[in-house]
Amino acid sequence: MLMPILAIAHKDLRLLIRDPRSAVILLVMPLVLILILGVSLGGVFGKKPDDRIRVSVVVEDAGLPPDAKREFPPVPWSDIFLDDLTDTANIRVERIATREEAKRLVERGDRAAVVVLKPEFSDRLQRCSFVGEEFKKDPINPLFRDGVRTEAVGVEFLTNPTQPVGSSVIQQVVQVSLFRVVIPWMIGQAFDLIGTEKFLEKMEKYLPRLPGGFSMPASMKVVIGAAMKKGIENFFNNYKFTAKTWSSLTKSEAPEHKDENRASYSEQDQIFGLKRGTVRYQVLVPSYTVTFAFFLVLTVGWLFVAERRHGTLTRLRLAPLSRGQILLGKVIPCLVVSLFQGAFLLLCGKLVFGMSWGPEPWLLVPVVCGTSLAAVGLAVLVAGLAKTETQVAVYGTLLVLVLAGVSGSMMPREMMPEEMRQISLVTPHAWALDAYAQLLNPDGAAPNVSQVLLSCGVLAGFGGVFLLLAWFAMKLE
């Protein structure tokens with residue numbers, strides 16, 4: 001009983017392998033499409049929409065100059081500035097390693113603007129002050145009509161002239177953060193000087209002389225200075241002028257640190273412009289693996305039509321073989337080809353496109369098997385109904401493309417309306433894509449195994465129903 005089935009399967013497998021159309025449709029076309037779309041589409045393809053403003057930063061800051069008397073800040077000013085940016089709502093900070101890499105991104109139009117914190121950034125901010133050289137060495141006045149003079153504090157913008165709106169937004173975001181960093185520092189320094197000996201010496205000419213022309217004794221100056229400082233604090237009691245940070249100055253709650261708003265840019269491996277490992281391939285590879293699994297309809301349909309034309313099916317029907325044996329002999333080679341196609345495309349996805357197989361790669365096996373079973377069932381059903389190669393080409397292509405469009409194979413399923421996502425579940429493609437979405441999550445999250453297994457079960461159910469219909473529809477004469 002088994003030998004005739006294997007003989008039929010062996011014959012059909014040889015025919016499938018020898019048919020150049022099979023290799024082109026099932027293996028070459030999906031790879032070409034993935035390659036073209038992967039190169040053409042932007043890096044955000046397949047990602048959830050991100051409403052945050054991305055501020056790309058290159059940090060060349062050499063850090064604070066040595067000073068044994070310094071108490072603030074405890075870290076370089078670039079760290080304080082980046083913390084302020086990161087903790088700002090709807091801002092995402094992206095660190096770029098080098099100025100050269102930032103220039104390439106700006107010139108290519110991948111970034112509207114990149115902020116460069118130059119080597120002197122910490123030194124310049126440390127010298128920002130409201131007071132003159134009598135109180136601070138080499139002071140810098142960083143303020144002007146439009147905010148902070150970025151060139152004065154060692155901030156440079158690399159901008160793309162074709163994206164003026166995007167670069168203006170980034171520059172304004174940086175202006176606001178610099179203002180929150182610089183102003184409390186300058187106020188705190190100035191207020192610390194009130195009541196000091198230098199301050200009172202400067203103010204002495206405005207203080208009244210004692211009777212007889214005597215100068216005010218030092219002890220009295222100390223008392224007056226402390227009283228003056230205390231009085232100003234009490235008068236402006238909504239603020240804490242000795243503070244050096246914005247939240248302390250305004251007596252407001254410090255923002256919660258948002259580490260999720262901070263990331264580092266990394267240029268993926270490139271082969272002829274192909275950015276390997278980008279998130280788009282986590283979507284493109286499974287989408288086109290599923291889509292082209294069902295193009296088996298064309299290959300199997302052409303094979304059946306050719307066998308009808310040559311009378312092979314009639315001879316098989318006259319042989320001492322049951323209808324089930326003939327159908328099984330036809331299904332096995334198709335299933336082998338489909339399994340090879342799925343494994344081949346996923347392997348190419350990893351080796352060529354740098355995609356990740358996720359934390360549970362072994363679960364890809366039942367998904368590939370379930371998808372192949374559904375695809376083979378549909379292929380045999382169409383082959384049993386089609387009479388000519390033209391019917392196979394027209395009906396098969398139309399069916400495959402419609403199913404791919406409805407299911408979400410042509411675009412990420414999360415971009416589809418909720419109603420359409422529910423409707424798409426009438427296709428095997430949608431269940432396969434849901435399983436792949438669980439396993440190949442771009443964020444690397446652990447998959448919902450029960451959901452994956454449910455999808456595999458539904459795919460097997462689709463395959464079983466298609467084969468049952470093919471059993472009744474197939475004409476072997």
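Reply: Let us begin with a cluster: Phe191, Phe235, Phe236, Tyr239 and Phe241 are linked by ring pairs. Please keep in mind throughout that the model is a predicted one.

Me: How many aromatic pairs does a search of the whole structure find?

Reply: The search returns 14 aromatic pairs. One of them joins phenylalanine 235 to phenylalanine 236 in an edge-to-face arrangement, with 4.9 Å from centre to centre and 85° between the planes.

Me: Which quantities describe such a pair in general?

Reply: Two are used for a pair of aromatic rings, namely the distance of the centres and the angle of the planes. For an edge-to-face label the angle must be over 60 degrees, and phenylalanine 235 and phenylalanine 236 have their planes at 85°.

Me: Why is the pair of tyrosine 281 and phenylalanine 353 called stacked?

Reply: The planes of tyrosine 281 and phenylalanine 353 meet at 25°, with the ring centres 5.0 Å apart, so the pair counts as stacked. This pair links distant parts of the chain, 72 residues apart: tyrosine 281 belongs to helix H10 (residues 280-293), and phenylalanine 353 to the loop between helix H13 (323-351) and helix H14 (364-385). Tyrosine 281 is buried, with a relative accessible area of 0%, and phenylalanine 353 is buried as well, with 2%.

Me: Which charged residue lies over the face of tryptophan 357?

Reply: Lysine 350 does, at 5.3 Å from the ring centre of tryptophan 357.

Me: Let us turn to charge pairs. How many salt bridges are found in the whole structure?

Reply: The general idea is that side chains of opposite charge can pair when their charged atoms come close. In this model the search finds 10 salt bridges. Among them is the contact of glutamate 60 with arginine 99, whose closest N and O atoms are 3.1 Å apart. Glutamate 60 sits in the loop between strand E1 (53-59) and helix H3 (77-86), and arginine 99 in helix H4 (residues 99-107), so the pair ties together parts 39 residues apart in sequence. Glutamate 60 is partly exposed, at 25% relative accessible area, while arginine 99 is buried, at 16%.

Me: Where in the chain are the partners glutamate 94 and arginine 111?

Reply: Glutamate 94 and arginine 111 form a salt bridge with closest N and O atoms 2.8 Å apart. The two are 17 residues apart, glutamate 94 in strand E2 (residues 91-96) and arginine 111 in the loop between H4 and strand E3 (113-117). Both glutamate 94 and arginine 111 are buried.

Me: What does aspartate 192 form with lysine 244?

Reply: These residues form a salt bridge, with 2.9 Å between the closest N and O atoms. The link spans 52 residues, from aspartate 192 in helix H6 (residues 164-193) to lysine 244 in the loop between helix H8 (218-235) and helix H9 (246-249). Aspartate 192 is partly exposed, at 32%, and lysine 244 is buried, at 17%. Elsewhere, salt bridges with shared partners join Glu60, Arg99 and Glu156 into one network.

Me: Which residues make the nonpolar surface patch?

Reply: Val24, Val28, Met29, Val32 and Ile36 make a patch of about 380 Å². Methionine 29 lies in helix H2 (residues 20-40) and is partly exposed, at 33% relative accessibility.

Me: Which residues does UniProt list as "transmembrane region"?

Reply: The unreviewed UniProt entry lists several ranges, including 23-45, 361-386 and 392-411. In the model, residues 361-386 are 85% helix and 0% strand, with the end C-alpha atoms 38 Å apart. Residues 392-411 are 80% helix and 0% strand, and their end C-alpha atoms are 26 Å apart.

Notes
Residues numbered from 1 in each chain as written. Predicted model: local features only at pLDDT ≥ 70, side-chain atom pairs only at ≥ 80, totals over all residues. Heavy atoms only, no water. Patch = residues over 30% accessible without salt bridge, like charges linked within 9 Å, V, L, I, M, F, W, Y side chains within 5 Å. Areas by Shrake-Rupley, 256 points an atom, 1.4 Å probe, with all protein chains shown as cover. Salt bridge = Lys/Arg side-chain N within 4 Å of Asp/Glu carboxyl O. Helix = DSSP H or I, 4+ residues; strand = E, 2+ residues; numbered from the N terminus. Buried < 20%, exposed > 50% of the residue type's maximum accessible area, 1.4 Å probe, protein only. Phe/Tyr/Trp six-rings, centres within 6.5 Å; stacked < 30°, edge-to-face > 60°. Lys NZ or Arg CZ within 6 Å of the ring centre and 35° of its normal. UniProt positions renumbered as here; feature names shortened; annotations may be inferred.
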